[in-house]
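Here is a short briefing on a structure, grouped by topic for quick reading. Keep the sequence and the 3D view open as you go.

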Amino acid sequence: MRALLKTLKILFFLCTGLYIILFIVFFFDLDGKALFYGVEPFLSNHYDRMKRKDPLEKIYSTDTPNYEYND
Amino acid sequence: MSEKKSYTRQDVMNKVKSLASDFWNGKPHEERRLGDLYVDKTGLYKHREWRGFKDTMYYFNMIWLYNYGHMISDIMKYGGGLKGPILFARGVWRYRWLGQSYLPVMHWFDRGLEGMRGEGLKASAWHYRAMVSETIRQFMRMLQADQNLGGDPEIWKKTLAHDETVWGGIFYPWRDRMDDVPLQMIPYFVTCHVNNHVVLNYIDAAQSIGLPGDPCPMCQAEAGIFILDDVPDYFPAVVTSNEACDGSVGTSVLQDWMMNKPLFAMPQPMQFDDPLVQEHCAREIEECWKFIEEQTGEKFNCEELVKHLERQNELQRFEWEKWEVAANTDYYPINGVSQALYRIYQSQDGDRDIWHETDARVKKILEKCVENKINSYPLTRHRVIAWSCAPLYYSHWCTWAYNCWGLNCIINMDSLMFDMTIRTDSYENMLQDMALYHEWAPMRRMAVGGMHHIFELWEYMERFHCDMVMMYDQLQCKGMQGVHGLFEDEFRARNIHAIWMPHALPDKRTVSRSEIRSIVNDYMTTIMHEEPLDPTLLEFDDSEGW
């Protein structure tokens, strides 16, 4: 019983602590700042460096079936 | 000496009372100084606004935490459980539009909901939540089927793609077995609102292969996504349209080239009032259904179609209730940007569970506001109707305009496009109404649908009791540029206050947000001779912001 109470107490303090930390992140817009100064530039660099297919190499053809429904 | 001491004590008491009131209720509108909260250039906040204890805690718990939580749970819900987050991470790594626009979603909420309190804050936030959830549903379906990421070929076979301006209702007959996901709704439309940096890559890509820079930037961007090979391969066949104009036809040609898949072109007629055109359009819908049957081997299910149309009619009936409250009372709780984005998204997307869930929540708030006479915008000086197509990178201008000037955007053109329910009493009536709905597409119903349709503005101004027009001026839309002078004449003749808001749809480089604010500021000071409610919002630099 005592062990359960102790666990609940620890859980309560952990949850309260987490809640307070999240509120600080929210209030000071720390999520926005991390994304703006860290994540977005990193991802943007990654996308800029990605190898992509050259669309102009694809031949433009109209040999696919003729979809006409005039019956 | 004792007098001085007593004065100081009183002063301290007043200060304490004022601080306590600010803590509990938030500052009164005119004392908020929202512009002081911004970090220069970035649009970030030094700290988020303290809206009073109740509203700040609501924002933190029910908007910020709730939505971050649901952004994860929705990925699992629509991505097949625990596989969802892994698939999502792979999608983020592969597609720019996903990675760069998904993550700053909560800032999109912040921009649209700035300064809001009470029921208005709640109702508007639920609209945003619905759009995020539906967006996640769509891109998770794309990723599950995506052959670029080794997606499930069975899901690929059962997913159809269509132009974002083809109404989702066309695919209702197969919703029990298959799904349909618009090609550009998320990669283009949603990203412009959430993070306006992303679309610039696609516009530049279109011009990098030698295409001219003067067509509609929407068409350029939608082509650019394909040119940059940034489209998931999630579908065996596609339905395109000519919407909004011939620029879009050009986009479809490029897309056809790069997709190289069976394609059914279903153009919406420009002059849709002609009864012969109605017949033609109804027949084209039937042809499209045949195309889908042929491509997928799945038969048309009329019962499924009727079921979804009736559910869609429910959504429309609630929208009419909302319009009624917005038009005739001061108790409409939904702000301009939430009204505009939710309505265009929902009416184009068609029947989905999330819209019904959201409408049920908003209905309760709406009824509470009307019964208790709650005015969510008490400092409204002008009731504004916004007309023509909005700047996607600054759709939240209405939030700024209310906070700064008391301009309350009651309704906008795109909300009013689909002003109809669809009859389901007979196949013929249903088909005729579906054709009309299909024709009344975004940017078509009013903007390029004929002179008397674009001039429906005057009727709607009266119906919604608006005394001012925010007239969007899409600089690269040749159709709307053609009627610019006619509108000027009408505004003068009718003695209507109208502010022209120039923009280039998704491209913030042509007319920046700051320039837009400056135009509104000039009008409000020089023509209206009014003072700002919050002077810190007059000028600020958010040029690098999302």
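Phe60(B) and Trp64(B) both sit in helix α2 (residues 53-78) of chain B. They are four residues apart, about one turn of the helix. The model behind this briefing is predicted. Across all chains, a search of the whole structure finds 47 aromatic pairs and 46 salt bridges.

**Aromatic pairs**

- In chain A, Phe23(A) and Phe26(A) form a tilted aromatic pair. Their rings are 5.7 Å apart, centre to centre, with 50 degrees between the planes.
- Phe23(A) and Phe26(A) lie three residues apart in helix α1 of chain A, so about one helical turn separates them.
- Both Phe23(A) and Phe26(A) are buried.
- The pair of Phe60(B) and Trp64(B) is stacked, because its planes meet at 25 degrees, under the 30 degrees that count as stacked. The ring centres of Phe60(B) and Trp64(B) are 5.8 Å apart.
- Phe60(B) counts as buried because its relative accessibility is 0%. Trp64(B) has 3% and also counts as buried.

**Charges over rings**

- Arg361(B) places its charged end over the ring of Trp126(B), 4.0 Å from the ring centre.
- Arg517(B) lies over the face of Phe540(B). The distance to the ring centre is 3.7 Å.

**Nonpolar core**

- The largest nonpolar core has 191 residues. Trp387(B), Trp397(B) and Phe487(B) touch the most other members.
- Helix α6 (residues 118-145) of chain B gives the largest share of this core, 14 residues.

**Salt bridges**

- Side chains of opposite charge can pair when their charged atoms come close.
- Which side chain of chain A meets Arg48(B) in a salt bridge? The partner is Asp29(A), at 3.5 Å from N to O.
- Arg48(B) lies in the loop between α1 and α2 of chain B, and Asp29(A) in the loop between α1 and α2 (30-49) of chain A, so this pair joins two chains. Arg48(B) and Asp29(A) are both buried.
- Glu298(B) forms a salt bridge with Arg177(B). The closest N and O atoms are 3.3 Å apart.
- Glu298(B) is in the loop between α12 (275-296) and α13 (302-328) of chain B, while Arg177(B) is in the loop between β1 (159-162) and β2 (179-182), so the pair ties together parts that are 121 residues apart in sequence.
- Glu298(B) counts as buried, at 18% relative accessibility. Arg177(B) is partly exposed, with a relative accessible area of 26%.
- Glu530(B) and Arg381(B) meet through their side chains in a salt bridge (3.6 Å, N to O).
- Glu530(B) is buried, with a relative accessible area of 16%. Arg381(B) counts as partly exposed, at 34% relative accessibility.
- One network of salt bridges with shared partners joins Glu134(B), Arg137(B), Arg175(B), Asp179(B), Asp180(B) and Arg352(B).

**Loop positions in chain B**

- Tyr377(B) is found in the loop between α15 (353-371) and β5 (382-387). Is this residue buried or exposed? Tyr377(B) counts as buried because its relative accessibility is 5%.
- Tyr377(B) and Glu222(B) are 155 residues apart along the chain, and 37 Å separates their C-alpha atoms.
- Asp40(B) is in the loop between α1 (2-25) and α2. At 52% relative accessibility, Asp40(B) counts as exposed.
- Asp40(B) and Phe540(B) are 500 residues apart along the chain. Their C-alpha atoms are separated by 7.4 Å.

**Chain A and its surface**

- Chain A has two helices and zero strands.
- Of the 71 residues in chain A, 24% are buried.
- Chain A exposes about 5700 Å², and carbon and sulfur atoms supply 68% of that area.
- A nonpolar surface patch of about 760 Å² is made by Met1(A), Leu4(A), Leu5(A), Leu8(A), Ile10(A), Leu11(A) and Leu14(A).
- One of these residues, Leu4(A), is found in helix α1 (residues 2-27) of chain A.

How values were computed. Residues numbered from 1 in each chain as written. Chains lettered and ligands numbered in written order. Predicted model: local features only at pLDDT ≥ 70, side-chain atom pairs only at ≥ 80, totals over all residues. Heavy atoms only, no water. Patch = residues over 30% accessible without salt bridge, like charges linked within 9 Å, V, L, I, M, F, W, Y side chains within 5 Å. Areas by Shrake-Rupley, 256 points an atom, 1.4 Å probe, with all protein chains shown as cover. Salt bridge = Lys/Arg side-chain N within 4 Å of Asp/Glu carboxyl O. Phe/Tyr/Trp six-rings, centres within 6.5 Å; stacked < 30°, edge-to-face > 60°. Buried < 20%, exposed > 50% of the residue type's maximum accessible area, 1.4 Å probe, protein only. Lys NZ or Arg CZ within 6 Å of the ring centre and 35° of its normal. Core = buried A, V, L, I, M, F, W, Y, C linked by side-chain atoms within 4.5 Å.
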